[in-house]
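Trainee: I would like to go through this model with you. Could we start with the ligand and then turn to the fold?

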Amino acid sequence: MKALRQLNKYFIKYKYRFLAGVIICIASNILKLQIPDFIKHSVDAFDAYAKGTIADKSVVYETNLKYFLLILGATLLSGILTFFTRQMIIVTSRLVEFDLKNEIYQQYQLLSLNFYKKNRTGDLMNRISEDVGKVRMYFGPAIMYSLNTVVAIIVIMVLMIQTDPILTAYTLLPLPILSISIYYLSRLIHKKTTIVQEYLSKLTTAAQESFAGVRIIKAYTTELDAINKFELVAEKSKQKNIELFKIQALFFPLMILLIGIGNLVVIYVGGLRYIEGYITLGDVTKFIMYVNILTWPMAVIGWVSNIIQQADASQARINEFLDVKPEIKNTISTQTPIDGNITFKNVTFTYDDTNITALKNISFELEKGKTLAILGKTGSGKSTIINMITRLYDIDKGMISIGNTAIKDLNLDNLRQSIGYVPQDAFLFSDSIENNIKFGAKNAGKSEIKQAAKDAYIDHNIVEFTEGYKTLVGERGVTLSGGQKQRVSIARALIKNPEILILDDCLSAVDTETEEIILKNLERITKNKTTIIISHRISSIKHADSILVLDEGKILQKGTHEQLSSVEGFYKELYEQQLLEDAS
Ligand SMILES: Nc1ncnc2c1ncn2[C@@H]1O[C@H](COP(=O)(O)OP(=O)(O)OP(=O)(O)O)[C@@H](O)[C@H]1O
């Protein structure tokens with residue numbers, strides 16, 4: 001129950017709703033529990049007439065009409081109050097669920113990239129959906145049914161003891177057995193449900209993967225393998241579902257059995273007590289009704305304790321994420337204008353999850369308004385340099401400064417707002433092209449969007465779509481070609497009119513002719529911007545003011561195109577090789 005303590009703030013936030021729910025719940029239960037007593041009086045009137053104690057039939061009718069009306073009134077009123085109890089408590093649980101989801105989502109947005117590397121997407125999704133759902137069960141049904149149970153047990157016990165303590169003792173005897181067996185049964189059901197859910201998620205993953213990789217599956221004619229793999233998981237899932245249903249099927253028969261035993265005890269012992277003259281026939285009827293009313297609250301004790309245990313475990317998992325402190329956060333509250341001068345001084349960085357030292361003692365200076373190109377084999381650390389400038393990670397050793405300020409002393413929002421970043425993987429949101437372009441410049445008008453698209457040489461493609469800029473790009477932009485996605489992604493960076501523009505190998509999917517046009521446009525746009533271009537093609541970078549050649553995290557060569565192409569080394573070799581390729 002430790003983890004659930006974290007949620008007490010929600011009890012405070014919604015205290016009036018909870019309090020109203022509690023009061024209405026108590027009132028509705030007390031009212032409902034009067035009904036057996038009204039029935040008792042009716043039955044006693046019949047019994048008295050049968051025995052001849054009351055000779056006048058009309059007195060019996062009158063008594064019955066009175067209790068009929070009382071039963072009707074109590075039933076209606078308690079029904080209305082139950083409705084309002086649910087309105088208060090269950091609706092509040094939905095409000096808490098909403099708040100909690102938002103709290104977790106906000107935390108997700110604050111956490112650093114490293115957190116996302118360490119945790120799987122499925123896990124992140126589970127905490128915000130399944131775990132929050134379980135915690136909601138604690139706030140809603142668990143609280144409401146616990147209240148019902150407590151009130152029902154107290155009121156019924158008092159009413160029963162007042163009538164006949166000995167019959168009460170006999171009547172209550174089987175109920176704890178009911179509670180304990182429901183507790184174990186629902187624990188078993190929970191275990192089996194967890195397994196069923198695991199298989200369900202395996203099935204979903206198998207289906208999702210085969211849909212995403214449908215092209216590869218077809219190209220390699222492995223449809224049968226995919227079908228067999230799915231069937232295998234589906235078969236296991238079916239077995240686990242059957243096991244679960246078998247146990248679930250026990251739940252209601254068990255309850256009915258225990259109610260039956262309770263009724264038998266009351267009829268037998270109550271009958272004897274009636275014959276012996278300790279109680280009336282109406283009392284026996286009343287006890288039978290109490291047994292039936294008590295069964296559900298007693299069964300609920302087992303069920304609710306399971307809900308609370310699960311909610312506690314879920315909240316513990318949620319707290320694990322909520323307690324993570326973002327590794328990189330904005331600690332500077334003042335505005336810090338971003339200057340375009342970038343300096344790296346002996347920068348070393350190791351990714352702590354893979355222990356790969358991606359940058360080793362890197363030093364360079366990039367003047368405001370100039371263009372730096374970075375070249376190097378795959379895995380040589382090019383994107384890592386960008387990760388450092390955008391502060392997705394913090395360096396281990398050395399110093400990065402922008403302007404004359406250490407990067408850590410800059411307002412993080414200012415820093416990121418002043419960077420236009422085009423990543424290697426052109427990710428587009430499932431939204432219109434227009435909204436994808438103005439993602440970082442929400443107030444951009446139509447003409448600015450068009451201009452950015454023109455500069456990224458994608459406007460002529462967009463206008464050909466029937467929906468134009470309103471064209472929806474599906475999940476990860478599936479309706480666009482690789483090159484088109486890259487260019488939309490470039491337009492998204494250009495529209496921000498950033499101080500620093502970073503292009504991470506983002507022209508790899510466009511042909512050389514298109515590349516030339518975009519580079520020409522960029523030359524004009526980036527005149528006063530600090531630009532970093534990463535590319536494997538010399539043609540993309542030869543006009544840069546300086547070029548870094550990286551190898552295994554170290555700077556292998558540094559200079560302009562003219563300097564590097566005239567000395568023996570990696571750059572010259574690559575240049576000559578690409579010239580030959582272009583000529584052939
Ligand atoms: N987020 C990460 N977590 C752990 N290791 C990483 C991460 N990103 C990169 N690495 C590792 O760091 C090294 C440098 O990677 P980086 O992405 O900087 O190379 P790159 O030169 O940009 O490569 P490419 O041209 O293929 O994009 C690689 O060995 C890579 O495996």
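Trainee: How many residues surround the ligand, and which are the closest?

Mentor: The ligand is surrounded by 15 residues, and Tyr-351, Thr-378, Lys-382, Ser-383 and Thr-384 are the closest. A residue is near a molecule if its C-beta atom, placed from the backbone, lies within 6 Å of it. Please note that this is a predicted model, in which local features need pLDDT of at least 70, side-chain atom pairs count only at pLDDT 80 or more, and totals for chains, interfaces and linings use all residues. Residues are numbered from 1 along each chain as its sequence is written.

Trainee: Which elements give two or more residues to that shell?

Mentor: They are β2 (356-366) and α12 (382-389). With three residues, α12 gives the most. Helices (H or I, at least four residues) and strands (E, at least two) are DSSP runs, numbered from the N terminus.

Trainee: What is the make-up of the shell by class?

Mentor: The shell around the ligand has nine polar, three charged and three nonpolar residues. Here Ala, Val, Leu, Ile, Met, Phe, Trp, Tyr, Cys and Pro count as nonpolar, Asp, Glu, Lys and Arg as charged, and the others, Gly among them, as polar.

Trainee: Turning to the core, which residues have the most contacts inside the largest one?

Mentor: Ile-374, Ala-456, Ala-491 and Ile-502 do, in a nonpolar core of 68 residues. Helix α17 (residues 482-494) gives the most to this core, namely five residues. Such a core is a set of buried Ala, Val, Leu, Ile, Met, Phe, Trp, Tyr and Cys residues joined through C-beta atoms within 7 Å. Buried means that 20 or more other C-beta atoms, placed from the backbone, lie within 10 Å of the residue's own.

Trainee: And how many residues of the chain count as buried?

Mentor: Of its 584 residues, 31% do.

Trainee: What about the overall dimensions?

Mentor: The C-alpha atoms fill a box of roughly 125 × 60 × 50 Å along the principal axes.

Trainee: Why does the span of α10 agree with its length?

Mentor: Helix α10 (residues 223-275) has 53 residues, so at 1.5 Å a residue it should span 78 Å, and its end C-alpha atoms are 77 Å apart. The expected span is 1.5 Å times one less than the number of residues.

Trainee: Which of its residues are buried?

Mentor: In α10, Leu-258, Gly-262, Val-266, Gly-270 and Arg-273 are buried. The buried residues of α10 pack against α7 (165-172), α8 (175-212) and α11 (281-322), where contact means C-beta atoms, placed from the backbone, within 7 Å.

Methods. A residue is buried if 20 or more other C-beta atoms lie within 10 Å of its own, exposed if 12 or fewer, and partly exposed in between; C-beta atoms are placed from the backbone. Two residues are in contact if their C-beta atoms, placed from the backbone, lie within 7 Å.
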